[in-house]
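Me: I am new to this structure and would like to learn how to read its features. Could we take them one at a time?

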Amino acid sequence: MKIEDLAILFVRGLGSRKLAFLIDSLGSSDAIFATPAKELQNLYGVSESVTEQIASKECFKDAEREVTYCRQRGICAVSVEDSEYPKPLLETIDRPHVLFVKGNLEAVTKRSLSVVGTREMSPSGFNVIDRMIGGLASSVYGLSIVSGLAYGVDAASHRAAIANHIPSIAVMANPLPDINPTAHRALAEDIINNGGALVSELHSQTKQNGKLFLARNRIIAGWSMGTLIVEAGASGGSLATADMADGYNRTLMAVPGRITDSASFGTNNLIRSGKARLVITPNDIIEDMNWNAMAKPMISNSCGRLEKEGDLIPSELAILNALDGATTLNYDQLLETTGLTMGDLTMSIMTLEIKGFIRCLSGKMYEKI
């Protein structure tokens, strides 16, 4: 993660889709800042107001504050250039450039199934979720469950994952570490304690508005190669998520229900239209996802990492090299030894701590693990 990855988030008027296009075209966030304003305008269709902000680099001040905010709250920022970023989400044209993660980074990289549905579940819906996730947990290696921490199907899915000792990812529609709804604070803690994570694309200075929930749903839809709908009415957020998953060319699955139940109108229509595949057992999901043929994923090391030192960026390597030549160093000593800016140093220290390469001792001294 580079400071430019955070800074670009604070450029007003630059949406996720446009930013993803620029990253795909230019290769990185620092390349965007290095590209002349006229070139951004003429070749890539960037507005003058956006190029002015990019050229002024005022957004780097906001990024520095965000680094401090994340560090103080144990939040890790993962960009599209980092190995921890979910691979399926990289394929979407409106992907978030940065994900803020609180919890286990390893859970973010696992094979996953997104599960969504109504907030007003029936007792049958609870049984279906327990049966589906319980069966998958015992049959599919390295699986995590992705949902939105809302009432109903979301919360039931997270709880079923916890009960079956598999991690779950809660994608939030608010900045971390706040929990919405507040009634699910204990559930959020259980998710983290069970090896899962809370995730948001929203930085700490985001102002809440009603559009953030639909934006959150696109992340749930894009995160996994398959999405399961368990009980959905004739309209609502879960059907919007289903449409997004279908648009991302994901495998969409739905559990049928009685034609007289209002909570089954949406799922039954998805099946009837041919948009969703009918599933009634965990094995149906396994077959539709072709998980039987998938190889066992690589086991991470004891630090929960899939990377080696050779995969780190130069600023992170500079810190490790400095610590190689000393037992411990404090922040000021690292600043002097590495020659990094305060922003790059703080961001890299935070990343290395979470990745398990270094640790902070008393007196803000750092040592290599």
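Reply: Start with the face of helix α16 turned away from its buried side: it carries the exposed residues P314 and N321. Exposed means over 50% relative accessible area, buried under 20%, and partly exposed in between, with a 1.4 Å probe and protein chains only. Helices (H or I, at least four residues) and strands (E, at least two) are DSSP runs, numbered from the N terminus. This is a predicted model, in which local features need pLDDT of at least 70 and side-chain atom pairs count only at pLDDT 80 or more, while totals for chains, interfaces and linings use all residues. Residues are numbered from 1 along each chain as its sequence is written, and side-chain values use heavy atoms, with hydrogens and water left out.

Me: Which residues of α16 are buried?

Reply: In α16, residues 314–324, they are S315, E316, I319, L320, A322 and L323. These lie on the same side of α16 because they cover an arc of only 160° around the axis. The arc is that of the directions from the helix axis to the C-beta atoms.

Me: How do I read backbone angles?

Reply: Most residues other than glycine have a negative phi, and most peptide bonds are trans. Here H165, not a glycine, has a positive phi of about 60°. H165 sits in the loop between α10 (153–163) and β5, and is exposed at 68% relative accessibility. N290, also not a glycine, has a positive phi of about 60°; its loop runs between α15 (282–289) and α16.

Me: Where are the cis peptide bonds?

Reply: One joins L176 and P177, with omega about 10°. Another runs from N180 to P181, with omega near 5°. P177 lies in the loop between β5 (168–171) and α11 (185–193), and P181 is in the loop between β5 and α11.

Me: Is H184 buried or exposed?

Reply: H184 counts as buried, at 4% relative accessibility. H184 is found in the loop between β5 and α11. Not counting residues up to four places away in sequence, H184 touches L149, A150, Y151, A155, R159 and I179. Contact means heavy atoms within 4.5 Å.

Me: How is a pair of packed helices described?

Reply: By the angle between their axes and the distance between the axes. For α10 and α11, the angle is about 40° and the axes are 10 Å apart. Axes are lines fitted to C-alpha atoms, for helices over the stretch in contact, and angles run from 0 to 180 degrees between N-to-C directions.

Me: Which residues meet there?

Reply: A155, H158, R159 and I162 in α10 meet L187, D190 and I191 in α11.
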